[in-house]
Amino acid sequence: MEYLANPEIWLAFATLATLEIVLGIDNIVFISVLTGRLPEKQRPRARFIGLLLAMGMRIGLLLSLSWMMGLTNDLFSVFGEGISGRDLILLGGGAFLIAKATREIHNSLEIEESASRQVRSAGFVGVLVQIALIDVVFSLDSVITAVGLVDDLPVMVAAIVVAVIVMMVAAGPVSAFVEGNPTVKMLALAFLVLIGFALVTEGLDIHVPKGYIYFSMAFAFGVQLLNIGASKRSKVKLRKAQLGDLIQIEAVPYKGAS
């Protein structure tokens, strides 16, 4: 009870849970894009399992802190720069994200292949494997943030569980919104390219502040929402104009031959 009554524990928990949710945005975007290739009935189950994998990866890494600390040790050097296990994971994950997002952009823009793409849906197991692979990369940031902010393992695990539950609730509406708006899906794929590039630069020991990336994503998404709102208003005005023309046509009396 003393542990739960400590206000510092609750403050650390709230801060870490909030940061975990923010860091999980890129994970939700990636899962939404991948599950969009599945048949509609399989998408909710794939999102649920994918986020369970994300939670399992994060908790597993927290429980193996000694191994995590070992990832920062240099394995070899390239042009005098040390390369650690963490660097290799970030480089591989970033390259995978860039390649995957670029391929999805190509498929979305390729008009000749559109019909065949709708017939060929992705395999359920293949999608889960891709989610699991990229979850390892996303989990690194999450766990490093948790270790840097909080010293108590139960608090870290609880914050991660709460963040994943929030992500599970948000994943469905986010995926539906992305799939229902092709321009938003293209923007999400561009975000994945940006995140992949940031991971690659991080693997090369070139630190790009996360705040810059998230601000760019939020700004671009805000502009896109304004465009969607303007497009809907234009369509409403057009329909009203067409309806007005139709009413005027029907109001004109018919003059038959005398």
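How many aromatic pairs does the count come to? In this predicted model, the count comes to 2 aromatic pairs. Phe 215 and Phe 219 form one that is stacked, with 6.3 Å from centre to centre and 25 degrees between the planes. Both residues lie in helix 11, and because they are 4 residues apart there, about one helical turn separates them. Phe 215 has a relative accessibility of 58%, so Phe 215 counts as exposed. Phe 219, at 55%, therefore counts as exposed too.

The chain as a whole can be set out next. Its secondary structure comes to 11 helices and 2 strands. Read from the N terminus, the order of elements is α-α-α-α-α-β-β-α-α-α-α-α-α. The chain has 258 residues, of which 36% count as buried. Among contacts in the chain with a separation of 6 or more, 82% are between residues 24 or more positions apart.

Leu 97 shows how parts of the chain meet. Apart from neighbours within four places in sequence, Leu 97 is in contact with Phe 30, Ile 134, Phe 138, Leu 192, Ile 195, Gly 196 and Leu 199.

Phe 30 leads on to helix 3. This helix is mostly covered, with 10 of its 11 residues buried. Phe 30 is one of the buried residues, which also include Asp 26, Asn 27, Ser 32 and Thr 35. Ile 28, Val 29, Ile 31, Val 33 and Leu 34 are buried in helix 3 as well.

Helix 9 and helix 10 remain. Their axes are 5 Å apart, and the two helices pack at an angle of about 110 degrees. Angles of 65 to 115 degrees count as roughly perpendicular, which means that helix 9 is roughly perpendicular to helix 10. Helix 9 makes the contact through Phe 177, Val 178, Glu 179 and Gly 180, and helix 10 through Pro 182, Val 184 and Lys 185. By class, this contact has 4 nonpolar, 1 polar and 2 charged residues.

Note on methods: Residues are numbered from 1 along each chain as its sequence is written. This is a predicted model: local features need pLDDT of at least 70, side-chain atom pairs count only at pLDDT 80 or more; totals for chains, interfaces and linings use all residues. Side-chain values use heavy atoms; hydrogens and water are left out. Contact means heavy atoms within 4.5 Å. Axes are lines fitted to C-alpha atoms, for helices over the stretch in contact, and angles run from 0 to 180 degrees between N-to-C directions. Angles under 35 degrees count as roughly parallel, over 145 as roughly antiparallel, 65 to 115 as roughly perpendicular and the rest as oblique. Ala, Val, Leu, Ile, Met, Phe, Trp, Tyr, Cys and Pro count as nonpolar, Asp, Glu, Lys and Arg as charged, and the others, Gly among them, as polar. Rings of Phe, Tyr and Trp (its six-membered ring) pair if their centres lie within 6.5 Å; planes under 30 degrees apart count as stacked, over 60 as edge-to-face and the rest as tilted. Buried means under 20% relative accessible area, exposed over 50%, partly exposed in between (1.4 Å probe, protein chains only).
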